Amino acid sequence: MNEIEVRGGTARQRWYARSMAEFCIKHLMPRMRTLNIIIKLKSTKDAMGYCLELDDNRSFEIEVDKTLRLRRMIETVAHEMVHVKQYARRELHPAHSKWMGKTINPKKVSYWDLPWEVEAHGREVGLFIRWAEYHKLADKKWTQDN
């Protein structure tokens with residue numbers, strides 16, 4: 001059974017982060033049952049979030065900036081969960097900068113053109129909208145603010 005632990009932030013932020021992580025597992029990796037994910041809600045300085053693969057391709061640590069507006073924070077969880085999917089399915093090998101078996105030098109390619117970031121940025125909003133609709137939150141003002 002997948003395990004998700006959320007640390008830091010407010011109780012409300014922790015609930016939303018866990019809810020989005022569960023939603024992403026259900027929609028991005030429905031057959032995976034052995035994921036271990038720790039989400040840390042904290043103040044970050046140079047990025048909205050990070051995803052780190054730990055010991056194997058089933059354990060991950062996500063950091064998300066807790067000072068973001070709520071919608072942006074939840075979208076960032078979705079973005080980082082796309083990276084979890086990429087690592088868990090071995091689409092992305094972080095140590096070797098390999099994407100789908102092809103080596104990509106991140107120093108020679110703009111962040112915005114890295115294929116793993118293209119996918120994560122491309123899916124984060126759609127995941128958020130589907131999540132908000134699923135939880136009947138799509139009509140709330142905070143879900144409309146970007």
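Two strands pair if DSSP finds at least two bridges between them. With that in hand, welcome to this structure, which is a predicted model.

**The chain as a whole**

The chain contains 4 helices and 7 strands. Read from the N terminus, its elements follow the order β-α-β-β-β-α-β-β-β-α-α. Its C-alpha atoms fill a box of roughly 45 × 35 × 25 Å along the principal axes. A compact globule of 146 residues would have a radius of gyration near 15 Å, and the chain agrees with this, because its own value is 15 Å.

How much of the chain is buried? Buried residues account for 47% of the 146 residues. The accessible surface comes to about 8200 Å², and 51% of that surface belongs to carbon and sulfur atoms. Contacts also reach along the sequence: among those between residues at least 6 apart, 60% join residues at least 24 apart.

**Strands and their partners**

Strands of a sheet pair through backbone hydrogen bonds, either parallel or antiparallel. Let us begin with the sheet that line-up 5-6-7 describes: 3 strands form an open sheet in that order, with antiparallel pairing. Strand 5 (92-93) and strand 7 (102-103) each have a single partner strand, so they stand at the edges and one side of each is left without a neighbour in the sheet.

Strand 5 is joined to strand 6 (residues 98-99) by 2 bridges, and these two strands run antiparallel. Which residue stands opposite histidine 93 in strand 6? That place is taken by lysine 98.

Elsewhere in the chain, strand 3 (residues 49-53) and strand 4 (residues 59-65) run antiparallel and are joined by 5 bridges. The link between strand 3 and strand 4 is a hairpin of 5 residues. Within this pair, leucine 52 has glutamate 61 of strand 4 as its bridge partner.

A disulfide is a covalent bond between the sulfur atoms of two cysteines. How many disulfides does the structure hold? The count is 0. Cysteine 24 is in no disulfide, and the nearest cysteine sulfur, that of cysteine 51, is 11 Å away. Cysteine 51 is likewise in no disulfide, with the sulfur of cysteine 24 as its nearest, 11 Å away.

**An aromatic group**

The structure holds 10 aromatic pairs.

Tryptophan 15 is partly exposed, with a relative accessible area of 47%, whereas tyrosine 16 counts as buried at 10%.

| Residue | Relative accessible area | State |
|---|---|---|
| Tryptophan 15 | 47% | partly exposed |
| Tyrosine 16 | 10% | buried |

Conventions: Residues numbered from 1 in each chain as written. Predicted model: local features only at pLDDT ≥ 70, side-chain atom pairs only at ≥ 80, totals over all residues. Heavy atoms only, no water. Disulfide = S-S within 2.5 Å. Rg over C-alpha atoms; globule rule 2.2 N^0.38 Å. Buried < 20%, exposed > 50% of the residue type's maximum accessible area, 1.4 Å probe, protein only. Contact = heavy atoms within 4.5 Å. Areas by Shrake-Rupley, 256 points an atom, 1.4 Å probe, with all protein chains shown as cover. Phe/Tyr/Trp six-rings, centres within 6.5 Å; stacked < 30°, edge-to-face > 60°.
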